[in-house]
Amino acid sequence: MNDKKLIFSGIQPTGTFTLGNYLGAVRNWGPLQDEYNCIYCVVDMHAITVRQDPAKLRRNTLDSYALLMACGIDVEKSILFIQSHVKTHAELNWILCCNTQFGELSRMTQFKDKSKRHPDDINAGLFTYPSLMAADILAYNADLVPVGADQKQHLELARNIAQRFNQRYGDFFTVPEPYIPEKGARIMSLQEPAKKMSKSDDNPNAVILILDDKDTIIRKFKRAVTDSEAEVVYRDGKDGINNLMTIYSTITGKDYAAIESEFAGKGYGDFKLAVGEAVADHLEPVRTEFARLSQDKSYLKECCAAGAEKALRYSQRIVSKVYHKVGFVDKG
Ligand code: AQP
């Protein structure tokens with residue numbers, strides 16, 4: 001590789017991403033490819049921390065891979081792979097688990113939230129999820145990790161793990177920096193705008209999926225919860241409108257002042273329709289490209305294999321050095 005900085009990021013294989021995943025993370029991955037060396041992955045190993053239907057997980061993983069390509073990840077420019085295809089992630093995870101404290105994992109809000117949502121399956125993998133995420137990043141000594149705001153706490157923990165390892169065994173890991181977009185880092189639910197938009201939301205109207213068709217997208221925006229006023233302005237206490245303005249601004253590039261004057265004297269109905277149309281039109285090429293790519297399973301599998309091979313070659317060198325550093329006997 002050259003001396004450009006290295007970016008790493010991953011996404012869970014839900015088959016289709018939410019508008020939150022897209023605006024907070026994936027949409028920004030493509031434009032980074034020219035400036036940085038980029039490594040992106042579909043994190044199927046993270047996915048099994050909650051119970052999955054195996055056949056569906058397999059299908060969703062390949063669909064997520066195709067969707068990343070449809071969102072602009074170019075497999076000639078970036079390394080794009082499926083996490084479970086690259087064994088170094090699991091290997092490094094174990095070392096990092098042994099350098100992660102019970103107390104710090106217990107403080108993770110995602111663990112607390114997901115334990116509440118799945119009280120019958122609070123498994124060890126759910127608890128140690130952040131160590132595996134640290135392994136994903138540190139296996140490549142990534143400099144930057146583009147994520148939405150909700151992943152900041154996990155990334156902070158990855159930094160702590162890297163620093164602790166460096167103190168114990170001598171400087172080795174790059175301490176990764178978060179790369180959080182100015183706008184779109186926290187897209188909220190359309191039905192409960194104080195809560196982040198999340199693919200596991202029980203209410204389908206709360207979430208825009210990027211493969212939703214135009215009518216569905218517009219219908220969900222029309223039903224978005226706002227407030228009892230009628231003024232399209234960005235102001236404290238107007239969570240629903242603020243969220244729609246953020247979405248519209250991120251998609252169209254217009255700032256809040258321009259949006260306020262565009263909708264001055266118009267009602268929320270006009271505004272919601274405009275947001276819905278802008279989002280649906282923006283996502284149209286993604287949907288078309290996904291439909292094309294997902295037909296060609298053998299091409300996708302070739303890309304996955306090539307990506308995994310490159311990722312393994314890159315991370316193997318790093319993980320072998322980690323094995324040596326912690327005192328494992330070299331294989332020779
Ligand atoms: N609402 C959001 N706004 C902005 N960014 C978001 N991300 C997630 N939700 C929002 C970012 O998307 C990337 C991939 O996320 P993930 O697949 O690792 O899962 P997640 O963060 O757990 O997303 P969900 O939708 O909320 O899943 P569940 O329902 O399983 O908890 C990350 O960079 C994330 O920050």
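Where does Arg159 lie? Arg159 is part of helix H9, residues 152–169. Helices here are DSSP runs of H or I with at least four residues, strands are runs of E with at least two, and both are numbered from the N terminus. The model is predicted, so local features need pLDDT of at least 70 and side-chain atom pairs count only at pLDDT 80 or more, while totals for chains, interfaces and linings use all residues. Residues are numbered from 1 along each chain as its sequence is written, and side-chain values use heavy atoms, with hydrogens and water left out.

Arg159 has a relative accessibility of 17% and therefore counts as buried (under 20% relative accessible area; exposed is over 50% and partly exposed in between, with a 1.4 Å probe and protein chains only). Apart from neighbours within four places in sequence, Arg159 is in contact with Val175, Pro176 and Glu177, where contact means heavy atoms within 4.5 Å.

**Overall form**

The protein contains 14 helices and 5 strands. Along the principal axes, the C-alpha atoms fill a box of roughly 75 × 45 × 40 Å. Buried residues make up 53% of the 332. Among contacts with a separation of 6 or more, 75% join residues 24 or more positions apart.

**Aromatic pairs**

Rings of Phe, Tyr and Trp (its six-membered ring) pair if their centres lie within 6.5 Å; planes under 30 degrees apart count as stacked, over 60 as edge-to-face and the rest as tilted.

| Pair | Centre to centre | Angle between planes | Class |
|---|---|---|---|
| Phe81 and Tyr140 | 6.1 Å | 50° | tilted |
| Tyr323 and Phe328 | 5.0 Å | 85° | edge-to-face |

Phe81 sits in strand S3 (residues 79–82) and Tyr140 in the loop between helix H8 (129–138) and strand S4 (144–146), so the pair links parts of the chain 59 residues apart. Both Phe81 and Tyr140 are buried. These two residues also belong to one aromatic cluster with Phe8 and Tyr314. In the other pair, Tyr323 is partly exposed at 29% relative accessibility, and Phe328 is partly exposed with a relative accessible area of 38%.
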